[in-house]
Amino acid sequence: MIAAAEAAGLPPSAPLALVVKGEIFACSASARREGVARGLRVREAQARCPGLMVLPYDADLDHRAFEPVISAVEAIVPGAQLVRPGTLAVKARGPSRYYGGEVEAAEAVLDVVAAAHPAGQRTDGADGVVPPGVIARVGVADSLFAAEQLAKARMRGPEDVVRVVPPGRTREFLAPLPLSVLERPELTTVLRRLGIDTLGHFAALDAVEVRDRFGEDGERLHALSSGRDPRDVETRTPPPDLGGEIVFETALDRVDQIAFAFRQVADDIVGRLRAATLVTTAIRVEIGLEDVGVRERSWLHPRWFTASDIVDRVRWQIQGNGRTEGLEAAVESIRVEPESVDAMSRHEQGLWGTGSDERVHHGLSRVQSMVGHDGVLTARLTGGRMPGQRQVLVPWGDRPPGGEKAVAESVTLPWPGAIPGPAPSVVFPEPRPVVVIGPDGLSVEVDDRGAFTTPPVRFGIGEKPERTSPVSAWAGPWPVSERWWDSAARSLQRVQLVDEAGRAWLLVLVAHRWWAEAVYD
């Protein structure tokens, strides 16, 4: 909740709720004091707390905020399992032997969590009242479910941060807990109608009858209520550090010096990836600039990054818009992190290589390394009403704006007013001025009903062409009205026209002027 409040620019004490599919997923301590709880509909929560601020739940933000805590715990206790952001599970037997007891091991975990947590902040407790300095609680029990209920239970004071259920007494601890801790509203409603209000009452039922009545999910919940949790702690393998960083004692302001110094770091990154049988297809480059701060950018690759490719991206990012001198500021540090990795086996070459594709890739990459990132562009087909809008140029190796999926979906969308296929063979980067003349020698216009004022008989290229040619055929006009609802509205007429040489043209009439958009073969 603290991370979400900070991201939204709100104080930690603000009544805040995070929402998933119209229901409260999590809420702050101040919101809970007003009666807001997980699972409520948004309207009911706002009725209980009129000042409640609602934000969509961001799982990525939650995981990022909790990652330092996971790393801190894994540093002293091997084999931590992430249950959900905010909740970790570890096997207690090994740490309790090492630290001299379960309470001592729990206190060691609390110490490292406190060091990893941002200073001066509080973590909301179950009742919304947490003493200063208390930012975590530990529950120790025979089952994962019971340990989690221990950690969630209401706190009675600063000393109540470590709770231990002796071996064999898990069912006794769970018995008085309400059915709501199972987080199954449908099952809870049915059981309460039968006079069953606690986990102890539920556990007293016959397991076979529960399975026959409530199915496999009911059988599993019955086992949890009885203190029998079939789940075991699945240890998380910490991801290897595949990134690399270099810090310059004296900030450098020459691109060649920086690229030369970073070359070894790039080799080390690729070497660690190779040792893990991985390749990276996307990296994030962080450039620390003197008196400016950190500049970040993500880079993609059409295949995978080599050390030379990484150095090229660092150089391009430092140079900015292609300049080779006069950098924005001297460079103090560079860090590169792989953002997307894949198994090396998926990118292995065939026995005889990849033929022309391999040569094209190396050729374009070599040219790009010489002329810069934006020096080699590739065309992608996208959706659009006008022919010039149906192509987008992106640097070699980058994804188009919005991503591949968005571009592919835009092609299949309906585009009212678009000219049906076949598409023109040549689309001019900028429309060319032309003239379309009627029998009276005047420019052809389109009236309010969308019809020609006079049929087109001659056609010429240029604002004042030296000669015009007869028109052998034409089709249209077709009106196009774009953004009619605002001041950026544009209205035009489109015509297909064939000249005496048999060339077909796609023309548009905008504000009484004719333009050529494209040519058909």
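# Reading contacts, burial and strand pairing

Tutor: Start with Phe459. Beyond its neighbours within four places in sequence, Phe459 is in contact with Val434, Val435, Val436, Thr468, Ser469, Val471, Leu497, Asp499, Trp505 and Leu507. The model is a predicted one.

Student: Why is Phe459 called buried?

Tutor: Its relative accessible area is 3%. The limit for buried is under 20%, so Phe459 qualifies. Phe459 belongs to strand S15, residues 458-461.

Student: How far apart are Phe459 and Pro470, in sequence and in space?

Tutor: They are 11 residues apart in sequence and 6.3 Å apart in space, C-alpha to C-alpha.

Student: How do you know that S14 and S15 are paired strands?

Tutor: Four bridges join S14 to S15. Pairing needs at least two bridges, so the two strands pair. They run antiparallel. Ile437 stands opposite Arg458 in S15.

Student: What links S14 to S19?

Tutor: Strand S14, residues 426-437, pairs with S19 over five bridges, in the antiparallel sense. Val426 stands opposite Val519 in S19.

Student: Why is His512 called exposed?

Tutor: Its relative accessible area is 62%. Exposed means over 50%, so His512 passes. His512 is in the loop between strand S18 (504-510) and strand S19 (513-520).

Student: What makes the phi of His512 worth a remark?

Tutor: Most residues other than glycine have a negative phi. His512 has a positive phi near 70°. Thr277 is also not a glycine, and has a positive phi of about 55°. Thr277 is in the loop between H12 and S9.

Student: Which strands make up the open sheet of four, and in what order?

Tutor: The order is S8-S11-S9-S10, with antiparallel pairing. Strand S8 (244-252) and strand S10 (293-300) have a single partner strand each, so one side of each has no neighbour in the sheet. That places both at the edges. From one strand to the next, the twist averages 20°.

Student: How do you know that S9 pairs with S11?

Tutor: There are 11 bridges between S9 (residues 278-289) and S11 (residues 331-343). The cut-off is at least two, so the pair counts. The strands run antiparallel. In S11, Val336 is the bridge partner of Val285.

Student: What packs on the sheet?

Tutor: Helix H12, residues 255-275, does. H12 touches S8, S9 and S11, and its direction makes about 170° with that of S8.

Student: What joins S9 to S10?

Tutor: Eight bridges, in the antiparallel sense. Val285 has a bridge partner here too: Arg297 in S10. The S9 and S10 hairpin has three residues between the strands, and there Asp291 takes a positive phi near 60°.

Student: How do you know that the length of H13 agrees with its residue count?

Tutor: H13 (residues 307-319) has 13 residues, and at 1.5 Å a residue it should span 18 Å. The end C-alpha atoms are 19 Å apart, which agrees.

Student: Why is H13 called mostly covered?

Tutor: Of its 13 residues, 12 are buried. Among them are Ile310, Val311, Val314 and Trp316.

Student: What makes a set of residues a nonpolar core?

Tutor: Buried nonpolar residues must be joined through side-chain atoms within 4.5 Å. The largest such core has 29 residues, of which Phe262, Ile310, Ile334 and Val336 touch the most other members. S8, H12, S9, H13 and S11 each supply at least two residues. H12 gives the most, with nine.

Student: Which residues does Phe262 touch, beyond those up to four places away in sequence?

Tutor: Phe262 touches Ile246, Ile310, Val311, Val314, Ile334 and Val336. Apart from this core lies another, of 17 residues, including Phe145 and Leu182.

Student: How many of the chain's 521 residues are buried, as a percentage?

Tutor: Buried residues make up 40%. The chain has 15 helices and 19 strands.

Note on methods:
Residues are numbered from 1 along each chain as its sequence is written. This is a predicted model: local features need pLDDT of at least 70, side-chain atom pairs count only at pLDDT 80 or more; totals for chains, interfaces and linings use all residues. Side-chain values use heavy atoms; hydrogens and water are left out. Axes are lines fitted to C-alpha atoms, for helices over the stretch in contact, and angles run from 0 to 180 degrees between N-to-C directions. Contact means heavy atoms within 4.5 Å. Buried means under 20% relative accessible area, exposed over 50%, partly exposed in between (1.4 Å probe, protein chains only). The expected span of a helix is 1.5 Å times one less than its number of residues.
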